[in-house]
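Me: I would like to go through this structure with you. Shall we begin with the terms and then move to the details?

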Amino acid sequence: SVKSRAQATPPASPANGDRYIVAPSPTGAWAGKAGQIAARVEGAWSFYAPKIGWMCFIEDEGVLSAYKATAWSPGLAL
């Protein structure tokens with residue numbers, strides 16, 4: 001799961017293990033990583049380019065999203 005996909009700027013005080021889908025037009029440590037999953041690991045950001053078929057629960061929206069050919073789906077409410 002990820003906390004959100006609406007943030008384009010890293011949060012000010014992330015905890016290790018926090019994950020986000022980087023929003024369009026990202027800045028700061030997330031620059032150039034739009035659509036990727038940003039994961040906080042040992043005090044630094046790691047990025048993962050999604051693959052077709054990956055599923056992700058978006059916590060702040062309460063939806064399950066799938067990665068399609070070029071983007072995450074709008075989401076299915078749970």
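Predicted model: local features only at pLDDT ≥ 70, side-chain atom pairs only at ≥ 80, totals over all residues.

Me: Fine. Where does Glu42 lie, then?

Reply: Glu42 lies in the loop between β2 and β3, the latter covering residues 44-48.

Me: What is the phi of Glu42 near?

Reply: The phi of Glu42 is near 50°, which is a positive value in a residue other than glycine. The hairpin that β2 and β3 form has 2 residues between the strands, and Glu42 takes this positive phi there.

Me: Is Glu42 buried or exposed?

Reply: Glu42 counts as exposed because its relative accessibility is 76%, and the cut-off for exposed is over 50%.

Me: How many bridges join β2 to β3?

Reply: There are 5 bridges between β2 and β3, and the two strands run antiparallel. Within this pairing, Ala39 stands opposite Ser46 of β3.

Me: Let us turn to Ser25. Where is its place?

Reply: Ser25 is found in the loop that connects β1 (19-21) with β2 (37-41). The phi of Ser25 is also positive, near 60°, in a residue other than glycine.

Me: And is Ser25 buried or exposed?

Reply: Ser25 is exposed, since its relative accessible area is 63%.

Me: Changing topic: how many helices and strands does the protein have?

Reply: The protein has 0 helices and 6 strands. Read from the N terminus, the order of elements is β-β-β-β-β-β. The radius of gyration is 12 Å, close to the 12 Å that the globule rule gives for 78 residues, so the protein is as compact as a globular protein of that length.

Me: What box do the C-alpha atoms fill?

Reply: Taken along the principal axes, the box is roughly 30 × 25 × 20 Å.

Me: What share of the residues counts as buried?

Reply: Of the 78 residues, 36% count as buried. The protein exposes about 4400 Å², of which carbon and sulfur atoms supply 57%.

Me: What about contacts between residues 24 or more positions apart?

Reply: Such residues account for 25% of the contacts with a separation of 6 or more.

Me: Finally, how many positive and negative side chains are there?

Reply: There are 7 positive and 5 negative side chains, and the centres of the two sets lie 8 Å apart.

Methods: Residues numbered from 1 in each chain as written. Heavy atoms only, no water. Helix = DSSP H or I, 4+ residues; strand = E, 2+ residues; numbered from the N terminus. Buried < 20%, exposed > 50% of the residue type's maximum accessible area, 1.4 Å probe, protein only. Rg over C-alpha atoms; globule rule 2.2 N^0.38 Å. Contact = heavy atoms within 4.5 Å. Areas by Shrake-Rupley, 256 points an atom, 1.4 Å probe, with all protein chains shown as cover. Lys, Arg positive; Asp, Glu negative; His and termini not counted. Charge placed at Lys NZ, Arg CZ, Asp CG, Glu CD. Pairing = 2+ DSSP bridges.
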